[in-house]
Amino acid sequence: MKPRVPLALVLPAVAVISCNVYDPALLDRRDAGADVTRDGNSDRGPVSDLATDRPGDVTDAGPRSDAMDASVTDGAARDASVDAPLDARSDAPSDLGRDVPDVPADVPPSCSATLAMGTPCIEPVTGHRWSPDEPRLLAPGALAVTADRLYVSDPGGARVMAYDLGVSPIAPVRLAGTGVAGSSLVGGPARSTPLGAIASMVLLPGGTVLLADQEAHQVLRLRDGRVEPLPLALSLPAGPFGLAYAPDTRELFVTGDNRIHVVPLDADGGVGAASTVVGQLCGGACPGFNGDGREGTGTALAHPVGVDVDTTYVYFSDRDNCRVRRYRRDDPMRRVETFAGSTCELAGDPLGDSTTGFVPREALRLGRVTDVRYGVDGSIYFVDATHCAVFQVVARALTTARIVLGSRYGCNQPTGSGGITIGRIGGIAMSADRSAVYVSDLQQQRVLRVENTAMGGSPRVVVALAPGAFPSADEDASGLRAGRPSGLALLNDRATMLLSGSAEGRVYRVDNGRSRVLLGAGTVSPAATGDAIDPATLPPTSVAGLAGDGTHALLGMPERGVIADLLGLPTAPRLRRVAGRYSDAALDGGVDGGADAGSAATEMGFELPAWPFTQTGQTWFSDARARVWRVTSGSAAVIAGSGATGELPDGGVVPARSAPFGSAVAFAVGRAGTLYVADPERYVVWSIDGAEQARVAAGVLDRPSPLGDAPALATSLGLAEPVALAYDGADTLFIADASANRVRAVTLSTGRMTTLAGSGPASAAAPGGDYGPASAATLARPTALAWSAGRLYVAEGASGRVRMVTLP
């Protein structure tokens, strides 16, 4: 049976494709058989690659602290006088969570009146003053270029921006998106219609822009200031990821569901019937490689993402087969051949033993190939996301390949062209005349331009766009936007808050009302057994879960293969391994220690370790097979999860080691040491008692219904997507139900569940209701929780901000 993969938030961060930014987590989780896009805006998938956007969990019942309270109060006061958006057009979003009650202008809004009525109240903590027109980019991704304009998707900011080239100072325009992630079935004004994760963009004649929204599973058409779904009549349970347009035949090429599809477009914008041209009928259920020379629909693929088309060939990146492949457009059988790449090389030198820097294209040993583009001189360019490099198969017979950006020695190494370093690549696109390559540098939040790539020339790299890092070294926390939060922790009696953004791969620190980057602003990859590492030196890294325990915090770092302990805050933060060994191979899920009991945790390898939790000297976390590990006195052992799903026996109780978890993405320890495990793939929260017996504690197994807000038995109400947990230290377990936009509360002594926060339809995108009853507020995908002394902190995956629910 295929191993189960734990659901993760994404992605994103994302290793990406040309104009094509994709989230492998969204793609891979489909292969695991999970149905996770229940609201068209899911971010639960395997912690593979760079796009994890999933929650952490915290239990911190320490005393209240005036330091964090002051930052909240200051932010609330600032919120009351926030300026209008930079561009106040009629189609600008009208609600970004700033809807405070009517009060005299000189009185800061507060929760006093609501709490006086004995009602839990919600208020903003961070991110409520961030504007979707902010010129700085959180996580630059997909690109498209005209002669005078650069289009950039920003998945972390849920928007598409346009920058005029050669204009100073930078004067960006937000073309689409509200800054709050979501999806729309009917479309509307582009700047007031929410977007999901834009994986690619392509320009059509006449100025129309097509957007591949991998979360909404739609191709969107942006024209005349409006965005609307393109009526493809094409089912894409995974994707779309890549787009390319052939102007000579007016055909749109789309990658998704492990196949390549072609859609005719007419001059008036009409859409013809779609057809599958490459990839087996079984789609995402059967990734693989069965050689070259087969008919297109008989060819096995392993997640094609990037695609481009010239007058002769259709080129595509066969991501997990580590190849660029192609077929002739005039071949009615569409027989597929490998154009570049051979065997997968996830850790070594892709150029092998070459001493010249040039290698025959068929001899390249590539990692995950995530995009492909063709140049005006016939050269072919593609991205190796594993090695953080852009390759060129040079013109003149197209037999020789070289690196034009990045290094054969891996990520964050100086490139031969000007010494510029690059880490994660967000996307690539060709200039309007296809003579230069634009590359989004997700790590340094800028766009580079690679010039002079003709045969015999030495490539030159220049900075095409640098709108500035976000945030800077020290900023007001009310303006902090985290891209798809995946973890939240409170430290030092709530004086310090940590927040991870999965889209950009950073961890932010908030204290005294100020925010700064704590992890993900550096360029140094740690040694395998490294310890006492300054987190500021690490490059952007997927963090799947944060867990606070007094003065230190645990981080799940699936890309690096470790669970790490963050010590020394606030003066001298350092990372110490708790489990696993640092490994770049973990970027591709290529590490698994195999042993499942009694070994030294720091000497073992784990397959995508994530979602840590700590209490009383013990640490719990999960792996890619949805197994739950516990580290005690330095030794690790599996304590729950069979690695496969299945039915529960009569009575609903099963030994924990045999529990059929679909995923394990959050933990909490409640009354009498009972361990709770969030399993969004099976729509439930499990409990594991002291006798190591597992049962469903909340939700209905394999059913997201019936949903309800009124108090009822927890096992009789459905959970749409339970992704984060927190315990109040007494009798209440809190559950973040992400796609229902609600936080549930379970009274453990009675087993009854009710809604603590969130109301409005599950599709609601813009959060609102601050300073009012929490149950009447609208939430934007709660994805992380942290509890401390009567207050529940909630990170919203779709808005990137943190809010606080105070209980009376």
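Biologist: A disulfide is a pair of cysteine sulfur atoms within 2.5 Å. How many disulfides does the count come to by this rule?

Modeller: Four. This is a predicted model, so local features need pLDDT of at least 70 and side-chain atom pairs need pLDDT 80 or more, while totals for chains, interfaces and linings use all residues. Residues are numbered from 1 along each chain as its sequence is written, and side-chain values use heavy atoms, with hydrogens and water left out.

Biologist: How are the bonded cysteines paired?

Modeller: Number them in sequence order. The pairing is then 1-2, 3-4, 5-6, 7-8.

Biologist: Let's take some of them. What does Cys322 pair with?

Modeller: Cys344. Their sulfur atoms are 2.1 Å apart.

Biologist: Is that link of Cys322 and Cys344 left-handed or right-handed?

Modeller: Right-handed, with 105 degrees about the S-S bond. The pair links distant parts of the chain, 22 residues apart. Cys322 sits in the loop between strand S20 (313-318) and strand S21 (323-328). Cys344 is in the loop between strand S22 (337-340) and strand S23 (359-360). Strands are DSSP runs of E, at least two residues long, and helices are runs of H or I, at least four; both are numbered from the N terminus.

Biologist: Is Cys322 buried or exposed?

Modeller: Cys322 is buried, because its relative accessible area is 1%. Cys344 is partly exposed, at 39%. Buried means under 20% relative accessible area, exposed means over 50%, and partly exposed is in between (1.4 Å probe, protein chains only).

Biologist: What about Cys111? Where is its partner?

Modeller: Cys111 is joined to Cys121, S to S 2.0 Å. The two are ten residues apart, and the pair links distant parts of the chain. Cys111 is in the loop between helix H2 (66-80) and helix H3 (112-116). Cys121 belongs to strand S5 (residues 121-126).

Biologist: Is the link of Cys111 and Cys121 left-handed or right-handed?

Modeller: Left-handed, with -75 degrees about the S-S bond. Cys111 counts as buried at 5% relative accessibility. Cys121 is buried too, at 0%.

Biologist: And how far apart are the sulfur atoms of Cys282 and Cys286?

Modeller: 1.5 Å. That link is right-handed, with 75 degrees about the S-S bond. Why is Cys282 partly exposed? Because its relative accessibility is 37%. Cys286 is partly exposed as well, at 21%.

Biologist: New topic. What is the chain built from?

Modeller: Three helices and 59 strands. The chain has 808 residues, and 64% of them are buried.

Biologist: How many residues are in the largest nonpolar core?

Modeller: 42. Val628, Phe661, Leu675, Leu725, Leu733 and Ile735 touch the most other members. Several strands each supply at least two residues of this core, including strand S42 (610-615), strand S50 (693-699) and strand S53 (732-737). A nonpolar core is a set of buried Ala, Val, Leu, Ile, Met, Phe, Trp, Tyr and Cys residues joined through side-chain atoms within 4.5 Å.

Biologist: What else lies apart from it?

Modeller: Another core, of 20 residues. Tyr313, Cys322, Ala340 and Phe391 are among them. In soluble globular proteins, nonpolar side chains tend to be buried together.

Biologist: Now the backbone. Which peptide bonds are cis?

Modeller: The one from Gly239 to Pro240 is cis, with omega near 10 degrees. Pro240 is in the loop between strand S14 (226-229) and strand S15 (242-246). Leu569 and Pro570 are also joined by a cis peptide bond, with omega about 5 degrees. Pro570 lies in the loop between strand S39 (562-567) and strand S40 (574-580).

Biologist: What is phi of Ala532 near?

Modeller: 55 degrees, a positive value in a residue other than glycine. Ala532 is exposed, with a relative accessible area of 55%. Arg781 has a positive phi too, near 60 degrees. Arg781 is buried, though, at 2%. Arg781 lies in the loop between strand S56 (772-773) and strand S57 (782-788).
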